[in-house]
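Colleague: I am new to this structure and would like to go through parts of it with you. Could we begin with what the terms mean?

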Amino acid sequence: MNATPTPDNGSLLPEDLEAIRERYRAERDKRIRPDGAAQYLRPTGDLAGYAQDPWSDPPAAREPVSDEVDAVILGAGFGGLAAGAHLRKAGLDRIRLVDTAGDVGGTWYWNRYPGVACDIESYIYLPLLEEMGEMPSRKYAPGSEIRRHAERIADHFDLRRDSLFHTEVTSLAWDEQAGRWKVGTDRGDAFTARYVVVSSGPFNKPKLPGIPGIEDFAGHAFHTSRWDYACTGGTEGMADYPGLADKRVAVIGTGATGIQVVPTIAPHCRELVVVQRTPSTVDRRDDRETDAGWWADLEPGWQRRRRENFLLLVTGGAADEDLVGDRWTDSAPVRGRQRLRSGTEEDPALAIELADHQKMAELRARVTEIVEDPQAAAALQPWYRQMCKRPAFSDRYLQAFNRDNVRLVDTAGQGVERMTGGGLVVDGVEHPVDVVIFATGFEIGSDPAVRAGADVRGRGGITLAQYWADGLRTLHGWVSRGFPNLFHLGSTQNAVSVNFVHILEEQSEHVGAVVAEAERRGRVLVEPTAEVEDAWVGTIRERAVSMQAFLAECTPGYYNSEGRPRKRSEGFGGGPVEFTSLVRRWRAEGGMDDVLSRRPR
């Protein structure tokens with residue numbers, strides 16, 4: 001199906017919008033499924049092999065741990081590492097990271113597939129980069145380098161000393177008399193901690209598409225987060241995959257991961273079949289090596305200034321200079337707010353929608369300019385609002401479809417019909433393949449109360465799920481009444497940004513500052529008063545910006561819970577710039593008195 005003509009950027013008018021909206025709805029409707037997120041499979045039972053850890057030796061037998069630590073942190077990704085670093089700065093000695101992985105790194109421990117790299121500039125993405133001092137090799141650092149940065153943080157702040165890897169926390173129970181959290185794990189550990197930080201990020205449990213016959217495939221299959229170099233050959237440091245030279249390979253999934261994998265392995269495969277449900281937006285990446293001279297001339301405080309400049313611009317603010325200068329700061333919402341400031345439009349929604357359609361027209365035009373086959377080019381054009389899905393950036397993905405050995409199988413939003421012993425069936429046609437690579441991402445969007453994977457019980461034995469049954473109740477998203485000294489990192493009732501690590505580090509710095517003050521006051525409990533918690537929940541409700549109508553028009557994906565967007569937003573409606581300023585003011589102007597009880601322990 002050829003793309004319908006789209007007005008160029010200079011002529012798009014409000015009356016042109018309805019035809020484009022109808023096209024977007026038609027594309028959305030192709031993906032609507034009655035089972036929603038239930039369409040995916042967890043890697044358990046016969047599929048458990050898809051989740052096994054290939055990056056470390058099997059867990060060694062050990063005796064259960066029964067001791068006391070100052071703090072336990074659930075998750076050893078960048079959120080957990082940043083929290084550990086700031087708690088160390090706050091003066092805590094025994095800090096225990098607990099993670100199901102074999103080492104630190106979180107997403108970057110698991111993701112070691114060919115071509116893996118960050119999609120946010122490494123200079124603002126990597127936490128504590130200025131403090132650590134190590135120069136990234138590129139504007140968008142490769143995954144192995146990012147993982148090494150995580151390991152350096154762990155070593156610098158001595159965070160491995162008390163850590164438990166290949167371990168999952170299964171229970172957290174507040175002991176009122178002792179003033180401690182009792183911690184249980186799946187390996188029989190039973191220890192106590194004065195503080196708990198929940199940093200169980202959303203990118204650690206792989207998900208698989210619920211394709212009938214997935215267990216029947218007789219070839220080799222694996223998930224990108226558990227890349228099988230024994231099958232493909234090569235290593236992270238050697239981009240040569242001789243194991244694929246005589247193989248017909250299928251990559252299922254064309255999100256951020258597929259876009260990195262496809263062009264990296266394409267030159268090494270006998271044949272590469274790319275299976276697509278919905279095309280991603282693919283803007284320019286413009287990656288380049290880091291200029292050592294520029295790096296040497298950076299002045300103290302540069303990372304915070306650069307991060308805050310980026311945050312301001314991607315949320316539609318104005319700045320004298322764009323320090324990062326990437327395509328994130330040229331997104332559709334950014335352009336829309338620029339139109340408003342220029343006076344081109346008065347209606348905010350209309351301004352952003354016009355800018356959105358213009359941006360998407362450019363991205364579709366980029367496809368036709370690069371992809372030589374008209375049928376493939378038409379199928380690779382995205383027809384939805386840009387922020388319906390996380391934007392992607394690549395200077396190699398679209399070009400890969402010009403190779404003779406690369407073939408796009410577009411499923412018109414339906415996905416793979418079934419798998420057989422020898423291949424994939426799409427729309428009744430079997431495509432024989434030898435290797436299937438699932439680039440289908442991770443479980444995302446689980447209930448915040450159960451995301452930790454543990455049974456969390458606060459005062460009086462009430463569970464966190466019970467306390468949040470009628471909606472989240474926190475102060476600033478990080479602490480709840482009835483659950484003293486239990487801190488949450490994430491995007492609930494606080495700030496959201498495309499540079500999620502920036503938000504995690506801001507939250508970790510905040511937790512560290514409050515804990516340092518609690519220690520200074522004599523180890524008092526950290527718990528909000530009922531008044532301040534109620535006030536913050538009221539602020540969240542009053543200032544909520546509902547995205548339901550927007551997301552309901554989007555093609556299904558993890559942003560809109562596979563076509564079933566939540567009715568109520570739990571994010572801070574003022575945006576991340578205002579939120580960051582608000583929390584810093586709160587700390588500076590005596591807000592800690594609202595969370596630090598006077599009861600000694």
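Predicted model: local features only at pLDDT ≥ 70, side-chain atom pairs only at ≥ 80, totals over all residues.

Colleague: At what angle do helix α1 and helix α12 pack?

Modeller: Helix α1, residues 17-31, and helix α12, residues 348-370, pack at about 65 degrees, and their axes are 12 Å apart. The crossing of α1 and α12 is left-handed.

Colleague: Which residues of α1 and α12 make the contact?

Modeller: From α1 they are Leu-17, Ile-20, Arg-21 and Tyr-24. Helix α12 contributes Leu-350, Glu-353, Leu-354, His-357, Met-360 and Arg-364.

Colleague: And how many of them are nonpolar, polar or charged?

Modeller: The contact of α1 with α12 has six nonpolar residues, one polar residue and three charged residues.

Colleague: Turning to the strands, in which sense do β14 and β15 pair?

Modeller: Strand β14 (residues 418-419) and strand β15 (residues 423-426) pair in the antiparallel sense, over two bridges.

Colleague: What stands opposite Met-419 in β15?

Modeller: That is Leu-424. Leu-424 also has a bridge partner in β16, namely His-431.

Colleague: How many bridges join β15 to β16?

Modeller: Four bridges join β15 to strand β16, residues 429-432, and the two strands run antiparallel.

Colleague: Which residue takes a positive phi in the hairpin of β15 and β16?

Modeller: Asp-427 does, with a phi near 50 degrees, in a hairpin that has two residues between the strands.

Conventions. Residues numbered from 1 in each chain as written. Heavy atoms only, no water. Axes fitted to C-alpha atoms, helices over the stretch in contact; angles between N-to-C directions. Left-handed = near helix turned anticlockwise from the far one by under 90°. Contact = heavy atoms within 4.5 Å. Nonpolar A, V, L, I, M, F, W, Y, C, P; charged D, E, K, R; others polar. Pairing = 2+ DSSP bridges.
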